[in-house]
Amino acid sequence: MHVLLFLSGVLGNATGLFLFLAPMVTFKRIIRNRSTEQFSGIPYVMTLLNCIVFTWYGLPFVSRNNILIWTINATGGVIEFTYIVIFIIFGPKKERMKVMGLFALIMTVFSAIASISLLALHGNTRKFFCGVAAALFSTVMFASPLSVMRMVIKTKSVEFMPFFLSLFAFLCALSWLIYGLLSGDPFVLVPNVFGTGLGIAQLILYAIYYKNRNHSESAIKDDFIEMDLENIDQVKKPDSRHL
């Protein structure tokens, strides 16, 4: 049992790392185009909140024998913070202000959780309080792509829902679901049940609409070609004033 628990935790760390690194392709595109386009910064802020709260929960003075939890979440927190900084630099003013406001809010929330757990709570009560907070914000993190999924259904295109991000979100949630089952930790188990189900839903959406990505890109190209042809026609038309 201990071997299976350790292996599921290692698998959770591996898939978690891939999950955190998966958006690198998206952010390479953002830096290259110097625009966040229609990508949402909310999932990255909520993922950062999940990482820092679970890092806190996994520390020895909150819950014992959870080194595999706090190591990957500490790493993920650094990566997500980097993404947020890039998003703030290249995002439009409205989106930038939204991300900055949400970032300030989550840091305030985390500071309150850390302060209360350190100053007012001890032992199992501290673990329960931090565990409930971690489970709650982890569920919120998994729910944050719902707006992107709604966009996919509305536009019938997966252009702004990267496949590898959806895939590793599913694999990561599944790994930690198994870890939660084997360890008997409800604070790890419950949010990852929801995350696994949502990950499956994202992959189903991708399977349904992935072919439409090329269609939408072709439609955009056709619009530009049509505009160019119209401009050419206008140039070719003689000016009636000179007739």
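Where is T36 found? T36 sits in the loop between α2 (24–33) and α3.

This is a predicted model, in which local features need pLDDT of at least 70, side-chain atom pairs count only at pLDDT 80 or more, and totals for chains, interfaces and linings use all residues. Residues are numbered from 1 along each chain as its sequence is written, and side-chain values use heavy atoms, with hydrogens and water left out.

**View A. T36 in the α2–α3 loop.** T36 counts as buried because its relative accessibility is 0%. Buried means under 20% relative accessible area, exposed over 50%, and partly exposed in between (1.4 Å probe, protein chains only). Leaving out residues up to four places away in sequence, T36 touches I30, F87, F90, G91 and P92. Contact means heavy atoms within 4.5 Å. Helices (H or I, at least four residues) and strands (E, at least two) are DSSP runs, numbered from the N terminus.

**View B. R34 in the loop between α2 and α3.** R34 is not a glycine, yet has a positive phi of about 55°. Most residues other than glycine have a negative phi. With a relative accessible area of 61%, R34 is exposed.

**View C. Helix α1 against helix α4.** The axes of α1 (residues 2–21) and α4 (residues 67–90) come within 10 Å and cross at roughly 0°. That makes α1 roughly parallel to α4. Axes are lines fitted to C-alpha atoms, for helices over the stretch in contact, with angles from 0 to 180 degrees between N-to-C directions. Angles under 35 degrees count as roughly parallel. From α1, the contact uses F6, G9, V10, N13, G16, L17, F20 and L21. From α4 come L68, T71, I72, T75, G76, I79, E80 and Y83. The contact residues divide into nine nonpolar, six polar and one charged. Ala, Val, Leu, Ile, Met, Phe, Trp, Tyr, Cys and Pro count as nonpolar, Asp, Glu, Lys and Arg as charged, and the others, Gly among them, as polar.

**View D. The largest nonpolar core.** This core has 59 residues, and V53, M161 and W176 have the most contacts inside it. Such a core is a set of buried Ala, Val, Leu, Ile, Met, Phe, Trp, Tyr and Cys residues joined through side-chain atoms within 4.5 Å. Helix α3 (residues 42–58) gives the largest share, 11 residues. Setting aside neighbours within four places in sequence, M161 contacts V148, M149, V152, S166, Q202, L205 and Y206.

Conventions
Parallel < 35°, antiparallel > 145°, perpendicular 65-115°, else oblique.
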